Amino acid sequence: MSRDAQPRTSWKGLLESGIEYVKENIDADCDDWISWVQSDLKQSENIADAFIMAAQKIKNKLPDGHYQAWLREAIGDLQVADDRLIKTIARLNTPIATTNYDQLLERALGRQSVDWTDPAGMQSALQLRSDDVMHLHGVWSKTESVIFSSESYGKIVADQSAQLLQNSAATATSFLFLGAGATTDDPNLGHLMSWIQQQIPRSDNFHYLLCLRDDLKRLQDQCNGTCIQPVAFGASYSDLNGYLTRLATDAWGTEVTADIVRLNTTSLHAIADRVKGEVIISSHTRDTAALGLDDLLIPPVLLPAAHEDLIRNAEDDIPGQRVRCDVRDEAKELSGMIVIGEETSGLTSALEWLVHERARTSGNLIPVIVDFSTFSKSVHPLHRAIRRELNEMEVPVAPGEDLPRVVVAIDNVVSTQNLSSDVHKMFERLVIDLDESFVEGFVIGCRPGAEFDIIKRLESTRLSAKTRYIGHVTFTDAKRLARLVSPTRADELADRAFSIINRECLSRTPMTMALLFDVLLRGEVTLATASDTALLDAYVSLLLGRGNPYDDARFSLDSKEREAILATLAERFVRERAGSISQSDTISTFEKLFDEVGWDDVPTEVLENLKSRHILSYSRGQVKFTQTSFLHLFAAKQATESNDFKEFLLANPLYYAPIIAHYAALTRNDIDVLQRVGQLVTVDIGVSSEVAPIFSESDHDRSILQSDDLEEFARTLDPTADKDASTAENQLSTQHSEDADDDEDKDYYYGKLVPVKERAPYPANNMDDAPPLMRSIAALSLVSNVLRDSELVRNVELKTSILHNTLVIWGRLVHILDTDERMREIARDLAEELAEEFEIKSSKREEFVFSLSSTVGLFIGSGAMASNLASRKLLKALDGCFENDEFLDNIGATVMGALLAYETGASDWPEKFVKTQSQHGGVLAVYMLMWKFAVRTYYSDRTLKHDAIQALEEFMCAREIRRHRLTQRSEIQAKRTELLTKMRRSRAIALAEASARQVISERSAQKSIGGRVE
């Protein structure tokens, strides 16, 4: 900067300019005040806070308007005379932060400012999602951000967001301090360093303070015992530029210049901006301008071979070996790669992520994404495409100028063996261009089948490329994606979305996940209670363009009209029992509908439009719905409009069960369908006369409860206390739950790969010829779904009657599972393995194995029942069942009814447990499984109402009195009093401990920072 401005760039010089401004503009007769302030300046060498004390006095003397004017005069007018050092700092390619108030860095580098009052912007800069210069103590043009006086220092130290960002950065990265000799004396940065020492006393994450050689010893003594290490850069300040140049060269190479760093940053922003316009989740973010790529995309799932091939060849590989590629490592070393993915698999997003990550980690490459389908027939199609893309990214390259070094992704690449075709010629020219020196890395994206010609051609050159396939999104990936849109509800969103994907066999792609999240976050369906049909319908509606402001039914098809077309087509598929029909038959179906309604739309264009929306697909002249669930849903929609088609479906309800279930959920009030489907639960399920062990009364001398130690009993059932038994038990129940194979935390590993679920459009055989058990299970699922979703049917008696019969059949199904010796043997073996794995004590092992293996059938049955039947709209009907003596006499029905109340969250489920116990207290299902549910809730749920607490206490006391075989009234009363005293004391302790753990957990969470600041 110019020499006449230099005095103002030091703390003392700035304060002296403030004194001068006060004298000239506010109070000419202030000599006493000036002496008072100057006395502080004279003590600065001995008193660390002297400058801040002087600053507070100057700030108190300056009214707001004068304060702004003085900052502009003293700081705002500063100019850079020599920008070489600043350009060298930029070459380091790291976030730049300053405690200065000026904008000299921004002017020299063409960047923007961000200050501590904008936590989201500061976070973006820290993560290199923006190249803004961070002003830790504010910027002169924004007076409320300027940390100048002791008052303002107190404000920033007390600001949680500012301190959270500083703390996170200081613990996860290393700072390089330039020109900051008094760093530890600064109240804000000193507070930061003290915090690190307190929180991580033996931290080896050091920060470095560059200093003159003559100052090294003094600063080493000053920084002794802190996490700051002084480093000498030379004998004079003129040595600093050379030192930083060598540092940048060692880190990034000799070719990195400030201009290349700027182009790299600009192009990274352009890629992020491109993604913002493509991804669905960005519409649920408050401030899209501050978003970087990591806020929009999750790392892609890349596999070394197609998923199906991995499963086919799994026997040749080592069980437990990870299959999924480490995409961050592969992106970092990316030189050549071919990525293969189906349509909607997330291929384009994967290409964007890969080149962005490669360029971000290099610091000196420009990421570019081009589309092969837009290539011209010129000699160098890749050259032209890259130049066009760079200009659009505001990284202009003149026609005769050499291209910068790039990492390029080429999407939609196809190849052909027809040597005379234009496609073949363009591909050959692409290969030639890829071999040029400006291409530091490339990624080719193509559809399955196209990779073989591409690989063969590349092998004939000196280019080498890895082959990677897009894999399926796992549950862990889904949670990562959910955190981008709703960090506080990520698990809930992922659970709900994955549930519908598995039930409806939707493709596990980022697009599917994002659309489902979009549906849930829009509030169009309720996250916890919406039926799968409602969620699927909302998902499909988004694909059809519902809510698109540019859809105008007067001039083009809107979403409702597209829906009608697809419903008509689905009816034809179903009547013909076809999974696909010819393209010509599809066109004729469209033409017939268009003639009936008087539309002049072109059928081939409509077919292409529905294909582009990923509802229909066609290959080799055959058209089909991309997902079987789409066919079922649109057929159900057609049934709501056509009574004739509805009757066609009801004539064979088990064969068309998925369609009828969707129909019931769409209409929600068809009493005729409910009555006719309800008759199916009278099907003979073929249960033997033998009583299932789970529903039998036996001499239960086994118990987790130690004879008189209820405190120990409470701790045993506290999931946070007995890690081995409770964790093992939870794992077993998960293994045998309906969605056991959906536990995607296991990721991609050999030995655990499972085929992707694909639902056939129709059963393989006529259900009338199926075995009784298969027919009964199909009927049970259909009746349960229709009953659950017919909440608007105005006939409580009918619902109660059907629910009664349905619960009887669910009980019979549990009976079959429980008497299956093979299943019980598998459960015992697994329980033994878990007991070994969790090192359960020998004194408890036998009981543990018995407990888990005895209840597996009931776990599976109750889980399946809850999935198909649970709805709070059926609680009135369930009350009616429990008022029916015939129902209460049926052990299986009563137990399943009580568990349904528990799973549904009915307020009176404890009362239903008591009623079940009064009828069947000695039954193993009540004595063991229901008892565990009751105990866990009693000791962990602080929201229980008084009546529920009393009912649970009655339930547990009755169980213990039965266990002790007490018969005398006085003995029973004494035992009850003893049990109640111990239970209530143990509950109070358990809830207090849980509250303490929650407080500690919340405080711990406040000290950490996630992917964004909310």
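1. Across this predicted model, the chain averages a pLDDT of 81, and 83% of the residues score at least 70. Confidence is highest in helix α28 (residues 643-650), with a mean of 97, and lowest in helix α32 (residues 723-735), with a mean of 46.

2. Two stretches deserve a careful reading. Over residues 700-711 the pLDDT is below 50, although the model gives this stretch 35 contacts beyond near neighbours in sequence. The pLDDT is likewise below 50 over residues 716-745, a stretch with 62 contacts in the model beyond near neighbours in sequence.

3. Salt bridges number 40 when the whole structure is searched. One of them joins the side chains of D477 and R480, at 2.9 Å from N to O; both residues belong to helix α20 (residues 475-485), where they stand three residues apart, about one turn of the helix. Within this pair D477 is buried, at a relative accessible area of 1%, whereas R480 is partly exposed, at 36%.

4. A further salt bridge, at 3.4 Å from N to O, is formed by the side chains of K637 and E563. Because K637 lies in helix α27 (residues 628-641) and E563 in helix α24 (residues 559-575), the pair ties together parts that are 74 residues apart in sequence. K637 counts as buried at 10% relative accessibility, and E563 counts as buried at 15%.

5. The side chains of R959 and E960 also meet in a salt bridge, at 2.6 Å from N to O; R959 is buried, with a relative accessible area of 4%, and E960 is buried, with a value of 4%. Elsewhere, salt bridges that share partners join D537, K560, E563 and K637 into one network.

How values were computed:
Residues are numbered from 1 along each chain as its sequence is written. This is a predicted model: local features need pLDDT of at least 70, side-chain atom pairs count only at pLDDT 80 or more; totals for chains, interfaces and linings use all residues. Side-chain values use heavy atoms; hydrogens and water are left out. pLDDT is the predictor's confidence in each residue, from 0 to 100. Helices (H or I, at least four residues) and strands (E, at least two) are DSSP runs, numbered from the N terminus. Contact means heavy atoms within 4.5 Å. A salt bridge is a side-chain nitrogen of Lys or Arg within 4 Å of a carboxyl oxygen of Asp or Glu. Buried means under 20% relative accessible area, exposed over 50%, partly exposed in between (1.4 Å probe, protein chains only).
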